[in-house]
Amino acid sequence: MELDNLGDWRKTHFTKDVTKELVNKEVILGGWIRNYRDLGGLKFISLQDKYGERQITLKKGVVTDDLFDKVKLGYQYCIMVKGIVKAFNEAPGGIEIIPSEIKILNVTPEKLPIDMTGETVSELDLRLNNRALDLRSLKNQAVFIIRGEMLRTIRKFLFAKNFTEMTTPKIIGSATEGGTELFPIIYFEREAFLTQSAQLYKEQLSGVYERVFEISDCFRAEKHRTKRHLCEIFTLDVEIAFSTMEDVLKLLEEIVYNVLKEIRENQMKALEYLGMEKISVTPEIPFPRYKYEEIIDLINTKFGFNIEFGEDISTEAYRKLGTELSSYYYITHWPMSIKPFYIMPSKDPKYSESFDLQKGMLELTSGGTRVHNKEQLINAIENQGLNSTSFKSHLKAFDFGMPPHAGFGLGIDRWLTMICGLEDIREAVMYPRTADRLTP
Ligand code: ATP
Ligand code: MN
């Protein structure tokens, strides 16, 4: 088939902007064919762009014969349409376009690897193998519209509270929080690593810009094969100087509240498309707070587990806990023995000034008050069996008047998975990285 050139055609509108106010006006739309039906004397095109779809109607005798005969289309062909907007109640959105010209800009194979009509759901791995196509699906559009709203809201909220957006290095010379779980890379003649979190840099920068945040990726070389773990994750990192865990708990619940509120206000259609409008509701704040000890007591007595103080909470135990506590809640004061060196011990050093934010069974965030005294930090590093000399350059920041500070890291992908009601975290990332997946 001979393809048309773009030439001087430019889109005048996105599908979402073609409203009844434009009836009898000429528009140029562009996008992909989500559905195409040829009923003999009548042809329907459902043209989709990044925001939705519009119906293009070709009726023999109404459009030119040349155009009518030219239109032999396949799923996901890339086309542009010039035509007049008409009101038509039976069409989706009450609008159809009567075309005067159609440009076919690119074609597809007769059989697409995955279903793009929305009638059946292809298997996730197959979808991910063909991700550039799969991402065009209406479901994915909804997911990533919500993600956009989430990130926009977080930034707006934090800027309004005098935060500075930082960008910390993703290539690091030594382990951030202990040697495991890092991807080694070759950095010229040396070994380096991909960062596992912005932790140390955000702490340093809290001693400069006082209130800092970053939304970016970090890397976990974990061979987990679960529906909530990835090897490249996107996190919101926040650090606040002159503060403690208490301040962070308040800020974080406000962020969660605002993100859900704004998604509901601005992207309800996407939420409805995913069937989550009754589930992803704006939560009540403040969130309930439970101490780690209360939580293991609850799990042990209610569900017959035998978790002892100082043990992590297993996935199975969390699963049960999620049936009891299904909304957002905090688990605070974890045993110091299972927390990283930079976490501040409580007055009773058996406990720590640390917390997780949970939604049901899922951990969304970890955070806490940090150690800001250099001697104390060196001791904590050594006590965990790490070598403080490998933290030399980080520790230098603590020579220059490091303020008391606290912060958290929130897993954006995990939260999005939850808000959108997705089965698997890989669906919440455009190009997920897992132990078995490095392409596309
Ligand atoms: P988990 O115990 O669930 O593996 P973690 O405690 O190791 O998580 P943190 O280091 O506390 O994770 O990271 C902060 C947040 O980043 C987590 O609360 C979670 O939301 C997210 N996160 C951490 N690891 C992963 C991962 N491998 N894949 C997706 N999200 C993750
Ligand atoms: Mn954690």
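What share of the 440 residues in the protein chain is buried? Here are my notes, starting with that one.

1. Buried residues make up 50% of the chain. "Buried" stands for under 20% relative accessible area, "exposed" for over 50%, and "partly exposed" for what falls in between (1.4 Å probe, protein chains only). Keep in mind that this is a predicted model, where local features need pLDDT of at least 70, side-chain atom pairs count only at pLDDT 80 or more, and totals for chains, interfaces and linings use all residues. Residues are numbered from 1 along each chain as its sequence is written, chains are lettered from A and ligands numbered from 1 in the order in which they are written, and side-chain values use heavy atoms, with hydrogens and water left out.

2. For the overall layout, count 12 helices and 16 strands in the protein chain. These are DSSP runs numbered from the N terminus: H or I over at least four residues for helices, E over at least two for strands. Along the principal axes, the C-alpha atoms fill a box of roughly 85 × 55 × 40 Å.

3. Now look at ligand 1. There are 15 residues around it, and His229, Leu230, Glu363, Leu364 and Arg414 come nearest (a residue is near if one of its heavy atoms lies within 4 Å). Strands β11 (232–241), β15 (362–369) and β16 (405–411) each supply at least two residues of this shell; β15 gives the most, with four.

4. Next, the polar contacts (pairs of N or O atoms within 3.5 Å; within protein, one must be able to donate a hydrogen and the other to accept it, and residues adjacent in sequence count only if both atoms are side-chain atoms). Oxygen atoms of ligand 1 lie 2.8 Å from a polar side-chain atom of Arg414, 3.0 Å from one of Arg220 and 3.4 Å from a backbone N or O atom of Gly411.

5. The manganese ion (ligand 2) has Glu363 (OE) and Ser366 (OG) as protein donors, 2.2 Å away. Donors are N, O and S atoms within 2.8 Å of the metal (3.2 Å for Na, K and Ca), and water is not among the atoms, so sites may look incomplete. Glu363 is partly exposed, at 30% relative accessible area, and Ser366 is partly exposed too, at 27%.

6. Finally, check helix α12 (residues 412–419), where eight of eight residues are buried. Among them are Arg414, Trp415 and Met418. After α12 comes Gly421, with a positive phi near 65 degrees.
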